[in-house]
Amino acid sequence: MLSLNGKIRHLALAIIDAVLVVVAFALGVYLRFDFMVPLLWFARLETLLLPATLINLAMFFLFGFYRRVWRYTSVDELLLIAVAVSAGIGGT
């Protein structure tokens with residue numbers, strides 16, 4: 001069972017990841033259109049941000065990103081990150 005500090009830490013990490021997913025998704029759209037995004041895409045972006053964020057966070061939880069000790073990472077963890085991010089992108 002996690003202590004309260006562990007739960008707060010996991011929640012903080014999930015919030016940071018959610019913000020980073022939203023920023024990456026939005027930045028990708030802005031870069032796609034050279035920062036002149038058509039109005040139609042703003043509506044699509046608003047529609048896609050929540051599902052994209054939830055799918056990516058679900059993949060991160062399923063692959064155990066928040067259960068690992070990242071101080072001693074190895075190639076195995078790098079491969080795990082690559083697979084989880086690919087699964088999140090594929091789900092989006």
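Author: Let's start with a word we'll need: buried means under 20% relative accessible area, exposed means over 50%, and partly exposed is in between (1.4 Å probe, protein chains only). This is a predicted model, where local features need pLDDT of at least 70, side-chain atom pairs count only at pLDDT 80 or more, and totals for chains, interfaces and linings use all residues. Residues are numbered from 1 along each chain as its sequence is written, and side-chain values use heavy atoms, leaving out hydrogens and water.

Reader: Why is R9 called partly exposed?

Author: Its relative accessible area is 45%. That sits between the 20% and 50% cut-offs, so R9 is partly exposed.

Reader: What makes the buried residues of α3 line one face of the helix?

Author: The buried ones are E77, L80, A84 and G88. Seen down the axis of α3, they fall within an arc of 65 degrees (taken from the directions from the helix axis to the C-beta atoms), so they line one face. The face turned away from that buried side carries the exposed V75, L78, L79, I89 and G90.

Reader: What do the buried residues of α3 pack against?

Author: They pack against α2, residues 39–62, where contact means heavy atoms within 4.5 Å.

Reader: Where is the kink in α2?

Author: At L48, shortly before the proline P51, and it's about 35 degrees. That bend is the angle between axes fitted to the seven residues ending there and the seven starting there.

Reader: And what comes after α2?

Author: G64 follows, with a positive phi near 75 degrees.

Methods:
Helices (H or I, at least four residues) and strands (E, at least two) are DSSP runs, numbered from the N terminus.
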